[in-house]
Amino acid sequence: DPGPTANVLYQKGQVAEHLNQPAVALGDYHRAVEVAPDYLPPYKALSILYVRRKDWVKAKSSEEGVLRILSRGDDPPGLWASYMTLGEIEENLGDIPTAISRYSAALEVEAAHVPALEALARMQFERKEWEDVLGLLDRIVDASPEGAPKAKAFHRKGVILEDHLNRPAEAAEHYEHALEQQDDLLPSIRRLGGAYCKAGQWKEALGALERHLEREEDPAHKTEAHYLAGKVFLEGAGKPDKALPHLKAALKITPTHIPSMEAVGVLYEQKEDWSNLVDVFKRFIKVLPPAEAQKAVTLHLKLGEVYREHLKDRDQCIHEYQRVLRLDQNNMEAHSALAKVYLTDKAMYPSAIKENVILLHNDPFRVESYRDLGKIYETQNDVDKAFCVYAVMDLLGELDKNEKIFYEARVEHLPTTTEKTVDTEMFEQIGRATCRERV
């Protein structure tokens, strides 16, 4: 018996709460526990008020009073509730290990209580303790009723297996279990096909994706399902003709879906359908966001190669490589490609020279550029420049048979003395270049 004083103080606190006077209520409750330290109701009331006010330190002190009193009696539901409240308070105080111990204590009172299991699973998830989370989800599955609650737990376990542990086959198995419990669980339907794809289970993937496409209404998810179906036919089943309709369907729904465009590009390249490949790449470039500029560079380089090697369209080829240089003026692959294209037409020799000079500025020992310059100067009958180029190649030990004949036929006629001298700065530059070549 708490005695009349403590009871009256508690009742006063209750009235104050009903009158929306929490400060008065707190004072009455505190006086009640001072008068009767083992009187449970005011401790509970204090804990509730302090939790409501998010005064976690005082809430902890009050709830520990509740736990102290309940630990002496026989009230498992009350004891479990107190441990759960203390777990929440410790979480808000940032003391995660103690919060875990509080929730674990609640499970010692009632081992299959789902809220405590959920709290522990949430905290272990935040700590990325994946195996511990899986164990807790197994217990949640066992403790949950059949149907949607059990399906949700199976699905969550599948997500962890797929996203965090890279175990897609097991993930797919858990999505299947979820759908056995709830056959219209859309999150599991959406994930199942992708998990089978990651696991390389192509037949199962196709079945799951067909099911997904039958039930899906969201455009973004439908696009992804068509893309995955195309990927299965392209990479898994080796049936590119069946892949194309799915990829086109994905692009019809979402014209800017980059993975589908990439897959269509691969397909057309395999089929050597160069015209359609060019069309896809051009559309691809138009939808690329500014942050994907490097991908645009790669696509323009590929287009230049297609125009040069397969469509034999020199002008378009040059245009694509020039587009690369507008995006990345130091792209040596584009400079090299342009140098080769310009070399095919004598009218473009000045441009070929310019490109090779850029390449040599980037790499002074690029033999291919010296060789191309030598060929140009020989064709132009500019003997002195050709000789100078071949002299450098002789120094590098890279002359072929014909170049050597040209060079040696003229080197013996060179004067052996001169009144001109090499200034100190130039001499040092030559020395540094020679040292780099030896290294």
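**View 1. Arg371 and Glu403 are joined by a salt bridge.** The closest N and O atoms of this pair are 2.8 Å apart. A salt bridge here is a side-chain nitrogen of Lys or Arg within 4 Å of a carboxyl oxygen of Asp or Glu. The pair ties together distant parts of the chain, with Arg371 in helix H21 (residues 367–379) and Glu403 in helix H23 (residues 401–411), 32 residues apart. Helices (H or I, at least four residues) are DSSP runs, numbered from the N terminus. Are the two partners buried or exposed? Glu403 is buried, with a relative accessible area of 5%, while Arg371, at 27%, counts as partly exposed. Buried means under 20% relative accessible area, exposed over 50%, and partly exposed in between (1.4 Å probe, protein chains only).

A note on what you are looking at: this is a predicted model, in which local features need pLDDT of at least 70 and side-chain atom pairs count only at pLDDT 80 or more, while totals for chains, interfaces and linings use all residues. Residues are numbered from 1 along each chain as its sequence is written, and side-chain values use heavy atoms, with hydrogens and water left out.

View 2. An α-helix has 3.6 residues a turn, so residues three or four places apart point the same way. Arg283 is partly exposed at 35% relative accessibility, and Asp279 is partly exposed at 39%.

View 3. Lys385 pairs with Asp382, with 3.8 Å between the closest N and O atoms. Lys385 counts as partly exposed at 42% relative accessibility, and Asp382 counts as partly exposed at 24%. Elsewhere, Glu162, Asp163, Arg191 and Lys198 are linked in a network of salt bridges. How many salt bridges are there by this rule? The count comes to 30.

**View 4. Helix H3 covers residues 40–52.** Which residues of H3 are buried? They are Leu40, Pro42, Tyr43, Ala45, Leu46, Ser47, Leu49, Tyr50 and Val51. Their cover includes helices H1 (4–18), H2 (22–35), H4 (56–70) and H5 (76–93). Just after H3, Lys54 takes a positive phi of about 60°.

**View 5. Ser336 lies in helix H19 (residues 332–342).** At 18% relative accessibility, Ser336 counts as buried. Leaving out residues up to four places away in sequence, Ser336 touches Leu359 and Arg366; contact means heavy atoms within 4.5 Å.

View 6. Cys197 is buried at 10% relative accessibility, whereas Cys388 is partly exposed at 48%. A disulfide is a pair of cysteine sulfur atoms within 2.5 Å, and by this rule the count comes to zero. Pro259 is in helix H15 (residues 258–271) and is partly exposed, with a relative accessible area of 28%. From Pro259 to Leu9 is 250 residues in sequence and 70 Å in space, C-alpha to C-alpha.

Conventions. Helix = DSSP H or I, 4+ residues; strand = E, 2+ residues; numbered from the N terminus. Expected span 1.5 Å × (residues − 1).
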